[in-house]
Amino acid sequence: MYRYILVLILLVATACKGGTSSASAASSNNAASRTALTAPSQGAQTAGSANQPSNTAGDLAGPTSTTNGGNESSAVTMANGPERRIAAIHDSPVALDARSNAPQGTPNPNRVPNEMGRIMVLEYHLITDHNGDYARERGQFRKDLELLYNRGYRPVNMSDVLDKKLNLPRGLSPVVFVFDDASPEQFRYINNNGKLEIDPTSGMGIWLDFRKTHPDWNNKAVYCLLSGASAGHNFFGDRGVQGQKSNWRFPKVKWLADNGFELCDHTLWHAQLNKYPDAFVQEQIARNALAIDSAVPGYKIRSMALPQGLWPKNRALASKGSWTNPKNGKTVSYDWPVVFEVAGGPMRSPYDPAFNPGMTPRIQVIGNAIEAMIDKLEKSGNMYISDGDPAVVAKR
Ligand SMILES: [Zn+2]
């Protein structure tokens, strides 16, 4: 049943790699050959997103004003959430321990809680031996974690944002990691004398090692999965790609869900959704959701990432649709609030009335993009900083 899919893979062999189509697609008509994801062209990474309006793209203008205008004592009912008091806090810098010995890069002690501010959603692809538009070198990835930790960021899941459960200590900021494409570089097993272990040189290995010395760095990150793409982009590797066995696929996905990480749909084989009819779009998304459900029965997916940021012609199908399996007549439906775009800057706070998870912008981790955005957010003052009190929404 996958043969025709493999043919189609060859036709869309650019996969994540915006626009570099594809010597490999043209050079092979062998349905069994699995096309390597080719290197991206510079500037192609935002293909498809440039013309898409984003609710949060652009400057770091403050959140849309609520009715209280910052009045300290008034209450505001937030859409889609419990009524909470929004307190203006202007006078309470965050105390941090051992400031005198603080290494360079530690959180600014004057961080004023602001739970209406922006949140970074970081977009990663390969964690590997070089840097590129779709690749982060391993040591650099580790440095990213160090940088974020030292600047006061802690990882959260997108579901925590949706549920407004960003229960961080006072003075800290949430950051959402999103890993696209389910590559073995992100999560690889090694067979150590019959015992399966997470490869310490894979992204997950680096993450877990970082946690050993940073215990408050939680296992929170969103994995936007492919379950039938080429070159091992199939639940983190199959058919011997990078030594990964096909029967390790489901255990890896299950392990993620069991260990705090969040699963996200990235289509079956990374189809450019703008090119296909509605039924095909829904099949791409629903069949991948079905595969995730096979790995983790009953798992509730709450997000999808658009391959290359390309919206289907019928945009609503990115978040809601269905597909009926012709083999058994069973219908698979999907319905989730979050659609990740490819770029666009930091997203709005879930307490911001203009928060729109259906068009969630991300920050591509290229070069010093993280540090530059942290600096920009700090300068603007419009960054989400927790007040440590889940009952109060701190407003700067
Ligand atoms: Zn992708």
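**Helix packing in a predicted model**

Out of the 396 residues in the protein, 46% are buried, where buried means that 20 or more other C-beta atoms, placed from the backbone, lie within 10 Å of the residue's own. This is a predicted model, so local features need pLDDT of at least 70 and side-chain atom pairs count only at pLDDT 80 or more, while totals for chains, interfaces and linings use all residues. Numbering starts from 1 along each chain as its sequence is written.

Of the contacts with a separation of 6 or more, 68% link residues 24 or more positions apart. Two residues count as in contact if their C-beta atoms, placed from the backbone, lie within 7 Å.

Now for H6, which covers residues 249-258. Its buried residues are Arg-249, Lys-252, Val-253 and Leu-256. Looking down the axis of H6, these fall within an arc of 95°, so they line one face of the helix; the arc is taken over the directions from the helix axis to the C-beta atoms. As a bit of background, an α-helix has 3.6 residues a turn, so residues three or four places apart point the same way. And what sits over this face? The cover on the buried residues of H6 includes strand E10 (222-225), strand E11 (262-265) and helix H7 (278-295). After H6 comes Gly-260, with a positive phi near 105°.

H6 and H7 pack at an angle of about 80°, and their axes are 8 Å apart. Axes here are lines fitted to C-alpha atoms, for helices over the stretch in contact, and angles run from 0 to 180 degrees between N-to-C directions. The two helices are therefore roughly perpendicular to each other, a label for angles of 65 to 115 degrees. Phe-250, Val-253 and Lys-254 of H6 make the contact with Ile-292, Ser-294 and Ala-295 of H7.

A second pair is H3 (residues 138-150) and H5 (residues 203-213), which pack at about 40° with axes 10 Å apart. That angle makes H3 oblique to H5, oblique being whatever is left once under 35 degrees is called roughly parallel, over 145 roughly antiparallel and 65 to 115 roughly perpendicular. On the H3 side, Arg-138, Phe-141, Arg-142 and Leu-145 meet Gly-203, Ile-206 and Phe-210 in H5.

Technical notes
Helices (H or I, at least four residues) and strands (E, at least two) are DSSP runs, numbered from the N terminus. A residue is buried if 20 or more other C-beta atoms lie within 10 Å of its own, exposed if 12 or fewer, and partly exposed in between; C-beta atoms are placed from the backbone.
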